[in-house]
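Subject: Handing over the model

Hi,

Here is the structure I promised to pass on.

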Amino acid sequence: GILNTFAGSSTVHGLMDKNSADTKYRATALGWLNLIIKDIAKRQKSWHWRFLEKTATAPTVASQMDYDLPTDIDTNKIFAISDWTQDRTYIYVPYEKFIRQVADPSNSSGNSIWWTFWANVIKLYPVPDSVWTFYLNYIKVMAAASDNSTTLDIPDKYEPVVINGLLMY
């Protein structure tokens with residue numbers, strides 16, 4: 001934000017013009033708002049905002065190891081993958097260890113016990129041999145605001161935080 005103020009950018013023009021119909025002013029204010037959203041999101045390195053907690057479900061497919069991640073996921077904030085039908089929580093294995101332990105995961109099928117992710121997909125091992133639903137607990141990424149946004153991912157009770165951030169800019 002400070003670099004943009006000193007160096008200038010497409011969002012830092014018309015700062016003295018407070019006409020809300022002015023597209024440059026609107027772009028500037030939107031730029032500030034999105035900087036605040038990023039700032040709030042970055043303040044959760046070792047913890048997280050409870051309002052960003054999500055659970056996604058997906059059915060497994062027999063003989064399929066790879067499953068797409070939700071589009072709003074923060075991959076550094078996947079907390080658990082579990083199978084409620086069989087009352088089992090999968091164990092996370094970092095991909096580097098996973099690939100050293102299992103050169104060809106397709107050689108083994110059954111009830112999955114491990115999970116990892118690579119190239120934006122979740123990998124289950126052993127490869128599921130039947131269909132069940134797995135549950136993914138994760139933290140979602142806050143969506144950027146646009147000029148057409150009517151809501152933010154930040155609950156109303158945190159409006160003072162957003163307003164104070166905008167006043168700072």
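First, the conventions. This is a predicted model, in which local features need pLDDT of at least 70 and side-chain atom pairs count only at pLDDT 80 or more, while totals for chains, interfaces and linings use all residues. Residues are numbered from 1 along each chain as its sequence is written, and side-chain values use heavy atoms, with hydrogens and water left out.

**Overall make-up**

The protein has 4 helices and 10 strands. Helices here are DSSP runs of H or I with at least four residues, strands are runs of E with at least two, and both are numbered from the N terminus. Read from the N terminus, the order of elements is α-α-β-β-β-β-β-α-β-β-β-β-β-α. Of the 169 residues, 35% are buried (buried is under 20% relative accessible area, exposed is over 50%, and partly exposed lies in between, with a 1.4 Å probe and protein chains only). If you take the contacts between residues at least 6 apart in sequence, 63% of them join residues at least 24 apart; a contact means heavy atoms within 4.5 Å.

Helix α2 (residues 23–42) packs against α4 at an angle of about 125°, and their axes are 9 Å apart. The axes are lines fitted to C-alpha atoms, for helices over the stretch in contact, and the angles run from 0 to 180 degrees between N-to-C directions. The pair is therefore oblique (under 35 degrees counts as roughly parallel, over 145 as roughly antiparallel, 65 to 115 as roughly perpendicular, and the rest as oblique). On the α2 side the contact is made by Ala29, Trp32, Leu33, Ile36 and Ile40, and on the α4 side by Val161, Val162, Gly165 and Leu166. By class, that contact has 8 nonpolar residues, 1 polar and no charged ones. In this scheme Ala, Val, Leu, Ile, Met, Phe, Trp, Tyr, Cys and Pro are nonpolar, Asp, Glu, Lys and Arg are charged, and the others, Gly among them, are polar.

Two strands pair if DSSP finds at least two bridges between them. β5 runs parallel to β7 (residues 114–118), joined by 2 bridges: Ile91 stands opposite Trp114, and Tyr92 has Trp115 as its bridge partner. On to β8 (residues 121–125), which pairs with β7 in the antiparallel sense over 5 bridges; there Thr116 stands opposite Lys123. β7 and β8 form a hairpin with 2 residues between them.

**The antiparallel sheet**

Another open sheet has 4 strands in the order β1-β10-β3-β4, and its pairing is antiparallel. Here the edge strands are β1 (53–59) and β4 (88–89), each pairing on one side only. Strand β3 (residues 73–83) and β4 pair over 2 bridges, with Asp83 opposite Arg88.

**Val141**

Val141 is found in the loop between β10 (133–140) and α4 (159–168). Its relative accessibility is 41%, so Val141 counts as partly exposed. Beyond its neighbours within four places in sequence, Val141 is in contact with Asp72, Ile73, Asp74 and Asp153. Val141 and Ala41 are 100 residues apart in sequence, yet 7.7 Å apart in space, C-alpha to C-alpha.

**Backbone details**

Ser63 has a positive phi of about 70° although it is not a glycine. Ser63 sits in the loop between β1 and β2 and, at 67% relative accessibility, counts as exposed. Ala119, also not a glycine, has a positive phi of about 55°. Ala119 lies in the loop between β7 and β8 and counts as exposed at 61% relative accessibility. Lastly, the peptide bond from Tyr125 to Pro126 is cis, with omega near -10°; Pro126 is found in the loop between β8 and β9 (127–128).
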